[in-house]
Amino acid sequence: MTRRASVACAAAILASSCAAPLMTLPTGPGTPVSDGAALLEQATTACRDARTFTAELGLSGRVNGRRARGRLLAGVAAPASVYLDAPAPFGASVFIFGAVDDSATLLLPRDRRVLAGGRPADVLEAVTGVPLAPAEVRDVLTGCPQSLDASAAVQLGDQWRLIQGEPAIYLRRAAPAGPWQVAAVLHRPTGRLAWRAEYAEVAHGVPKSIRLISAEADRFDLRLSVSQVEVNGPLEAGVFHPPVPSG
């Protein structure tokens, strides 16, 4: 199945949306501090021990210059398993995506087509526009970015910390005595900004809204509203291997 064909099959989620300004992140060299690891641990207390995470996602934005809107039922499990179900208002789902580690299955029930053993990031890009591996999907949805070294941190005013590295993680607190939260994560896998995730609204350590923006113009700009969240609830391993109907 080609990428073009897969995108066409998922076109049922396309509708209208409108643009919104990016989160304003502080700039400048900052002042080196030694509390980066401790503050990141504080900001991710609610998610770092999540073995499973399920949620309903309201999706809107743009993919490859096209307006998009839809709904996804999502589930992730540590270390690298994910499923996404795009239900339609009537009848069969638009697509069902399941992946574990480096292998993905994509079902297109309405067209009675299946792609098995695909590379997860490529398959997910084909149907949603965003090329994420299963572990990256988990990090994005839980708001729990994985830092290889959180010791390299700088202070950017009283309410911001920047943990440098790959990815770069911006922490923010709303008030001087308030809790620290993950505000934005910038991904530069090749040294240049590829995409960023923004978390404008977080409740009890869990994201309520997520925005994914590519550095490349018009590639993707998606906003996810997160609801019906359950952390460490029961989640059968079989959901990550969508069963292929006979025929």
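What volume does the second largest cavity have? The second largest cavity holds about 70 Å³.

This is a predicted model, in which local features need pLDDT of at least 70, side-chain atom pairs count only at pLDDT 80 or more, and totals for chains, interfaces and linings use all residues. Residues are numbered from 1 along each chain as its sequence is written, and side-chain values use heavy atoms, without hydrogens and water.

**Confidence.** The average pLDDT (the predictor's confidence in each residue, from 0 to 100) is 87 for the protein. A score of at least 70 is reached by 92% of the residues. Residues 1-18 have a pLDDT below 50. That stretch still has 45 contacts (heavy atoms within 4.5 Å) beyond near neighbours in sequence.

**Cavities.** The whole structure contains 3 cavities of 30 Å³ or more. A cavity is a set of points on a 1 Å grid over the protein atoms alone where a 1.4 Å probe fits but cannot get out; lining residues have an atom within 4 Å of a point. Volume is the space filled by probe spheres set on the points, which are joined across faces, edges and corners.

| Cavity | Volume | Lining by class |
|---|---|---|
| Largest | about 170 Å³ | 13 nonpolar, 1 polar, no charged |

The largest cavity has 14 lining residues. Leu 84, Thr 128, Leu 132, Leu 212 and Leu 224 lie nearest its centre. Helix α4 gives the most to this lining, with 3 residues. Helices (H or I, at least four residues) and strands (E, at least two) are DSSP runs, numbered from the N terminus.

Around the second largest cavity, β11 (181-187) and β12 (195-203) each supply at least two lining residues. Tyr 199 is one of the residues in that lining.

**Asp 139.** Tyr 199 is also in contact with Asp 139, as are Cys 144, Pro 145 and Gln 146, leaving aside neighbours within four places in sequence. Asp 139 sits in α4 (residues 134-142). Is Asp 139 buried or exposed? Asp 139 is buried, at 16% relative accessible area. Buried means under 20%, exposed over 50%, partly exposed in between (1.4 Å probe, protein chains only).

**Core.** The largest nonpolar core has 50 residues. Such a core is a set of buried Ala, Val, Leu, Ile, Met, Phe, Trp, Tyr and Cys residues joined through side-chain atoms within 4.5 Å. Strand β2 gives the most to this core, with 5 residues.

Note on methods: 1 Å grid on protein atoms, 1.4 Å probe; cavity = no way out; pocket = protein on both sides within 12 Å on 5 of 7 lines; lining within 4 Å. Nonpolar A, V, L, I, M, F, W, Y, C, P; charged D, E, K, R; others polar.
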